[in-house]
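Reader: Could you walk me through how to read a few features in a structure like this one? I'd like the general idea each time, then the case at hand.

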Amino acid sequence: MALWKDTNTGTIPASTSPGVAPAPAQAHRHDTKESFLSSDLTIEGKIVGSGHVRIAGRFKGDVQVDGNVSLDAGARLEGQVKAHVVSVGGELIGNIENAKRVELLETGVINGDVKAGSLTVAAGSRMRGQVEFGYEGDSRAKSDTKGFGNA
């Protein structure tokens, strides 16, 4: 059974598909919600809100949450991502903007630019794009590079 899962209100069936096991339970803070897009779903649209989002299927559109975004191995996301922590185990085609932390897992692929406070890259992962990290909250970043290349 494919599910959208909200840890505050329980599980809500999105469609019926035999042979798909539910996601394992994870420990969450009581006030934290997680929405889950199962591996047999393909959705096009936009995700905006608070709480965490875990994608195991295919999503085309932008994701902007006040929480975390996890892209499971085998999943695909085409769009821009704005979240606190972004974990990429599948394929992301798009940019990650202003994340506190980005984790590129062994099975992960990013085709796009990344701006984050910190970046963790596992052996075996792949990325094509520009990366900027370590400048979160650092006002010197813009002033130090002003005029760079104008010698």
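Author: Happy to. Let's start with charges: the side chains of Glu 103 and Arg 101 meet in a salt bridge, 2.9 Å from N to O. Keep in mind that this is a predicted model.

Reader: What is the general idea behind such a pair?

Author: Side chains of opposite charge can pair when their charged atoms come close. Here, Glu 103 counts as partly exposed because its relative accessibility is 22%, and Arg 101 is partly exposed too, at 36%.

Reader: How many salt bridges are there by this rule?

Author: The count comes to five. One of them joins the side chains of Asp 72 and Arg 54, at 3.1 Å from N to O. Asp 72 sits in the loop between strand 9 and strand 10 (76-78), while Arg 54 belongs to strand 6, so this pair ties together parts that are 18 residues apart in sequence.

Reader: Is Arg 54 buried or exposed?

Author: Buried: its relative accessibility is 11%, and the cut-off for that class is under 20%.

Reader: Which residues are linked in a network of salt bridges?

Author: Arg 76, Glu 78 and Glu 91. Within that group, the side chains of Arg 76 and Glu 78 meet at 3.1 Å, N to O. Arg 76 is partly exposed at 22%, and so is Glu 78 at 29%.

Reader: Now the nonpolar side. What tends to happen to nonpolar side chains in soluble globular proteins?

Author: They tend to be buried together. In this model, the largest nonpolar core has 24 residues, and Ile 55, Leu 77, Val 81, Val 86, Val 88, Leu 92 and Ile 96 have the most contacts inside it. Several strands give two or more residues to this core, among them strand 6 (52-55), strand 12 (85-88) and strand 14 (96-104). Strand 14 provides the largest share, four residues.

Reader: What does Val 86 touch, leaving out residues up to four places away in sequence?

Author: Its contacts include Val 69, Val 81, Ile 96 and Ala 99, and also Arg 101 and Glu 103. Those last two are the salt-bridge pair we began with.

Notes: Residues are numbered from 1 along each chain as its sequence is written. This is a predicted model: local features need pLDDT of at least 70, side-chain atom pairs count only at pLDDT 80 or more; totals for chains, interfaces and linings use all residues. Side-chain values use heavy atoms; hydrogens and water are left out. A nonpolar core is a set of buried Ala, Val, Leu, Ile, Met, Phe, Trp, Tyr and Cys residues joined through side-chain atoms within 4.5 Å. Buried means under 20% relative accessible area, exposed over 50%, partly exposed in between (1.4 Å probe, protein chains only). Contact means heavy atoms within 4.5 Å. A salt bridge is a side-chain nitrogen of Lys or Arg within 4 Å of a carboxyl oxygen of Asp or Glu.
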